[in-house]
Amino acid sequence: MSEVKNAQSGGGWARLVTARPRLSLLLALVVTALAVFAGSGVADRMGSGGWEDPQARSTYATEALEREFPASQPNLLLLLDAGPTGVDAPAVAAEAERITARLAAEEGITGVGSYWQTRSPALRSKDGRQALIAARVQGDETTRIEILDRITPRLRGTQGPVEVSFGGRVAVQREITTTIQEDLLTAELIALPITLILLVLVFGSAIAALLPLAVGIVAILGTNAVLRGLTELTDVSIFAQNLTTALGLGLAIDYALFIVRRFREELAAGHDPAKAVAITLRTAGRTVLFSALTVAVALSAMLFFPMYFLRSFAYAGVAVVLLAAGAALILLPAALVLLGDRVNAFDLRRLWRRDKEPSTDQSRGWARTAALVMRRAPLFAVATTAGLLLLGLPFLGVRFGTVDDRQLPATAPSHLVQQQIRDAFPSNPGAEILVLAEGAATAEEYTTYRERIAQLPGVLRADGPVRSGEYAYFTLRAQGEAAGEQARELVGQVRQIEAPFETAVAGQAAVLVDAQDAIAEQLPRAAALIAVATLLLVFLMTGSVLIPLQAVLLNALSLTAMFGAVVWVFQEGHLSGLLGFTATGDIETTLPVLMFCIAFGLSMDYGVFLISRIKEEYEKSADHEGAVQAGLARTGGLITAAAVILAVVMVGIGTSRVTNTKMLGLGIALAVLMDAMVVRSLLVPAVMKLTGAATWWAPGPLRRLHARFGLSEGPSASEPQELQDGAPKVPAGV
């Protein structure tokens, strides 16, 4: 009880979170249990799409065509393989007609058509061994998947003289969802034990190592509950679950590392556990709060974009960041008050280390690194910047595309079907460009319009119109891939042709063009939010004008290696055999935006940790170079350890068999390591050496603004003097 009373004397926040530590932990346990219940089944309610702009003309055209002409946009394909017998054999044709009738009779299925009904060459393979049945599965993503799950067992496999396989967009989406769920479990099984081992190596103490994992689990379970609630209100992407796990573990470990490390540091300085918690919350706690805000702002920028794929990552990211910070600032201090010196219990490093006293070799090593960098600051600044820019050069050749079945592993059933259609059929049903026509028109006007669009470059064939009342549509088959460069150029040309009726273009190419336009329109606003909010938050933390500018520029520079690697590996296909994915020659349009927001936020996370400690040292000594050296000495090991652990988590995500998830996990892991080991260790001290004392300058009005509204990690004026004296020793391993 004396520890709790002492904690209450350490400040308002310390009094709030440590007044009833046992009660706080009990309530946390209850809330976590409720979150497990509330978040159960969340993956089953998530979608695997969300790359289209819901307000775009292509989306309007898609919805109108689905309503008026269900057969115009098949999203389910049944591949019937008759083998050497051939699809025109009477027994095969009879079985195919029976399967077509059974499919058409299923609830939720419309627009069923087959080769045997239409004799369309597009539905028959070139060798005559295979043919297709095309249909439209109605409803939203969840409903379509439920319908697919119902009919697949009835029709898949051997049916008389044919073998039936399922393809089409719905089958691909279903398999992506299932694969991500399975891969997420694998990633957790990989990341959790490795993370625990690394935490033991960092902290030594098994007790201290378990605390960050506990914070991460609370954040992940809480975010799943939040996402489950959001699925009742809006569409949420299944891909967001990967971010929940990665950031939940990664940031919780970052924040807990920082807080536990500072707490142990204060214990080593001779403070009792209660006072150590109070100082920790006022110093490291404020840094964690600033870090969480900067990461949340970077992730919230994705709310500017209309595609629910990106918005889902904002929902999941902001929720998991705030929950991780909340658990680290509320639950963790309560646990530390109760544990006290027992936080150092079960020091497993004694199994291989003879000395029992904390070693400062690591801190000395970082201090020597900082001194070396600052002695050769121009060389390190120029060489590091040039190296990062060089690594980013491949991104200049980026080509943007859309998601298709090649996201899946080569052995995935729906991918095999789609690949067979690409290889063996004249065209891919559902991959055409469709032109919706609205309004009354004569047959002559329709014919004239069709002839005009048929003459456009890249058009292989123009069919139509298919009419229904005042609606009609035309079908264009273009050269190249369904959403390739030629098809996208054709979409723009079709939209420029005048017609005596209203027109709107649908199809994969049109959806991609509109998605790119939406991203281009909103990107400046998202970037402005991130930049302005980061500048403001870092200024409030430091009171400097130059440090916020450095933070934004160096953060952006740290991402160049990630973007260069994404293009070199995933677009151009280098290492595709080793990593197990199919290169498509392009990058999904939304991925660079997503990766930038996540990586920028995580880079700011480490930047805030380093800058806050440098500022604290500068306030103590007024020695700029000494503060940079001491700040890196005290946080270099911590930041590196946090980066390595987060990279392990992201690499676990990167083991996914879905290419986009693999790209996200491995790309972010690379960005985190480059930021911690290159930018924070080399570039930041070099730049701060070059800027010198001007680093801390601010004009008078801004100094007064910071004095009134800014926050500092240094000792507050109300803190007892004995807590302001001295510099605590750095404990081992951090």
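Where does α13 bend, and which proline follows within four residues? In this predicted model, the bend of about 30° falls at L332, and the proline that follows within four residues is P333.

**Helix α13**

- Helix α13 covers residues 308-339, and its 32 residues reach 44 Å from the first C-alpha to the last, which is close to the 46 Å expected at 1.5 Å a residue.
- Of the 32 residues of α13, 24 are buried, so the helix is largely enclosed by the rest of the structure.
- Just after α13 comes G340, a residue that takes a positive phi of about 60°.

**Salt bridge between E432 and R477**

- E432 and R477 form a salt bridge in which the closest N and O atoms are 3.6 Å apart.
- This pair links distant parts of the chain, since E432 lies in the loop between α16 (413-424) and β7 (433-438), while R477 belongs to strand β9 (residues 471-478), 45 residues apart.
- E432 counts as buried because its relative accessible area is 13%, under the 20% cut-off, whereas R477, at 21% relative accessibility, counts as partly exposed.

**Salt bridge between R495 and D514**

- R495 is joined to D514 by a salt bridge, with 2.9 Å between the closest N and O atoms.
- Here too the pair links distant parts of the chain, with R495 in helix α18 (residues 485-496) and D514 in helix α19 (residues 508-542), 19 residues apart.
- The relative accessible area of R495 is 33%, so this residue is partly exposed, whereas D514 counts as buried at 9% relative accessibility.

**Salt bridge between R461 and D463**

- The side chains of R461 and D463 also meet in a salt bridge, at 2.9 Å from N to O.
- R461 counts as partly exposed at 48% relative accessibility, and D463 is likewise partly exposed, with a relative accessible area of 23%.

**Salt-bridge network**

- A network of salt bridges links R261, R262, E265 and E266 with R613, E616, E617, K620 and R634.

Methods. Residues are numbered from 1 along each chain as its sequence is written. This is a predicted model: local features need pLDDT of at least 70, side-chain atom pairs count only at pLDDT 80 or more; totals for chains, interfaces and linings use all residues. Side-chain values use heavy atoms; hydrogens and water are left out. Helices (H or I, at least four residues) and strands (E, at least two) are DSSP runs, numbered from the N terminus. The expected span of a helix is 1.5 Å times one less than its number of residues. The bend at a residue is the angle between axes fitted to the seven residues ending there and the seven starting there. Buried means under 20% relative accessible area, exposed over 50%, partly exposed in between (1.4 Å probe, protein chains only). A salt bridge is a side-chain nitrogen of Lys or Arg within 4 Å of a carboxyl oxygen of Asp or Glu.
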